[in-house]
Amino acid sequence: MSHPNELLNELRIDRSAKQQAPEGRPWLWVAVATVALVAIVASYFFFGREEAIEVKTATATAVQGSGGGSASVLDASGYVTARRIATVSSKITGKVKEVFIEEGQRVEEGEVLARLDAADADAQRELAQSQLASAQSQLAEARAQLVLADRTLVRQRELAAKKLVAQSALDAAEADRTSRASRLQSLERAVKVARDGVEISALGVDNTVIRAPFTGVIVAKAAQPGEMISPISGGGGSIRTGIGTLVDMDSLEVQVDVNEAYIGRVQPKMPVEAVLNAYPDWKIPAEVIAIVPTADRSKATVKVRIALNQKDPRIVPDMGVRVSFLETTPASAPQVSAPRVQVPVTAVRKDGTQDIVFVMKDGKAERRAIKAGGTVGDQRQVLAGLNGGEQVIVEAPDTLKEGDEVRLAETK
């Protein structure tokens, strides 16, 4: 196609041609001028105008407010955690004989979860019982001998009083009685020791039975019959350190990491609205338990514990959750619910100190100054400047400015 300058040259009147043209045909020159003008206008639209910029857009989403005069002052994300969780193990090393649990099973406190092979413990208990029986027999014999010694001493005293026996016989009787009384006391202590041994051996047998330390739900089964189990890790993979993992579902709470720059907005007992990633339409009432008084220097965050005020079997440990810290409006203040809008993080730009977004409207980029809030995942909260439903530009050159013509990039 010809350049616009060349088209302008074609509009120049050739005087020599005009002199040679036959008279009486002026319409020919009007037609030539019209064609040239149309060519100039067409060349402007095809060459003189800048090409529209390809962009990608996303819809600004209006988030339903929590109502009741409460507004979010800070958003954060975290996980559901259990304050009461235990890897249930035995007190002794032994071979697993029976396992009575499965994942997802609810157990009560004291319920039997597994049993170990109790052959050795039973043998120890039988030995202790035999030792106790032997000590009791010796004690009975000592008591009978003491009774005999008492009677002998009485007779010797009577005979000695009548001068019928020598004094040495009386002394021997008294010594024998004292010796047998001492032996009786020794055997009584031996019987007590043997009885304690029986009780200890009974504990050894009881230790082969693994019971639930509290009421909860089994979330992991770690051992099978025939495997060795020990409360202390042996440094290898052949010995298990637990029979399973038990979680108290009533102790579930949320832990989030809050940027230390915004931790001043969080206070204990502050109302919170929690939304599980698995159930985005379910808003769970909650409140701040405590702010853990230490910071993570690598992430510049502070951990916050949040209590869930609603118990539900759908809430399980390690679920992802988003929370909004709410600030309750005083009852005397008018309850005006400002719209809460979320846009992709990539849509928000910086213009000096001002946060802005570009909205695609009628094929052009429209600059909007906004008041940006917190970030939740890949979404940024917009507190002012958008009403929701706008097509915000998320991918465009950094040189994009107000009024630039834009068009949607073709999806590949």
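In this predicted model, four strands form an open sheet in the order 4-12-9-6, with antiparallel pairing; strands are DSSP runs of E of at least two residues, helices are runs of H or I of at least four residues, and both are numbered from the N terminus. Two strands are taken as paired if DSSP finds at least two bridges between them. Strand 4 (85-88) and strand 6 (106-107) stand at the edges with a single partner strand each, so one side of each has no neighbour in the sheet. Strand 4 is joined to strand 12 (residues 244-247) by four bridges, and the two run antiparallel. Within this pairing, I85 has V247 of strand 12 as its bridge partner.

Residues are numbered from 1 along each chain as its sequence is written. Local features need pLDDT of at least 70 and side-chain atom pairs count only at pLDDT 80 or more, while totals for chains, interfaces and linings use all residues; side-chain values use heavy atoms, with hydrogens and water left out.

The secondary structure of the chain comes to five helices and 24 strands. Strand 5 (residues 94-99) is joined to strand 10 (residues 228-229) by two bridges, in antiparallel direction, and K95 is paired there with M228. Strand 5 also runs antiparallel to strand 7 (residues 112-116), with three bridges between them; in strand 7, L116 is the bridge partner of V96.

Of the 412 residues in the chain, 31% are buried (buried is under 20% relative accessible area, exposed over 50%, partly exposed in between, with a 1.4 Å probe and protein chains only). Contact is defined as heavy atoms within 4.5 Å. Among contacts between residues at least 6 apart in sequence, 75% join residues at least 24 apart.

In soluble globular proteins, nonpolar side chains tend to be buried together. A nonpolar core is a set of buried Ala, Val, Leu, Ile, Met, Phe, Trp, Tyr and Cys residues joined through side-chain atoms within 4.5 Å. The largest such core has 28 residues, and those with the most contacts inside it are V256, V304, I306, V323 and F325. Two or more residues are given to this core by each of strand 3, strand 13 (252-259), strand 14 (271-276), strand 15 (283-296), strand 16 (301-308) and strand 17 (320-328). A second, separate core has 16 residues, including L113, A114, I210 and I229.

Leaving aside residues up to four places away in sequence, V323 touches L74, D75, A76, V254, V256, V272, E273, A274 and I306. One of these, D75, is found in strand 3 (residues 70-82) and counts as buried, at 7% relative accessibility. The side chain of D75 makes a polar contact of 2.9 Å with the side chain of S324 (a pair of N or O atoms within 3.5 Å; within protein, one must be able to donate a hydrogen and the other to accept it, and residues adjacent in sequence count only if both atoms are side-chain atoms).

A search of the whole structure finds one aromatic pair. Rings of Phe, Tyr and Trp (its six-membered ring) pair if their centres lie within 6.5 Å; planes under 30 degrees apart count as stacked, over 60 as edge-to-face and the rest as tilted. The ring centres of Y279 and W282 are 6.0 Å apart and the planes stand at 75 degrees, so the pair is edge-to-face. Y279 is partly exposed at 30% relative accessibility, whereas W282 is buried at 13%. R314 lies over the face of Y279, at 5.3 Å from the ring centre, and over the face of W282, at 3.8 Å from the ring centre. A charge sits over a ring if NZ of Lys or CZ of Arg is within 6 Å of the ring centre and within 35 degrees of the ring normal.
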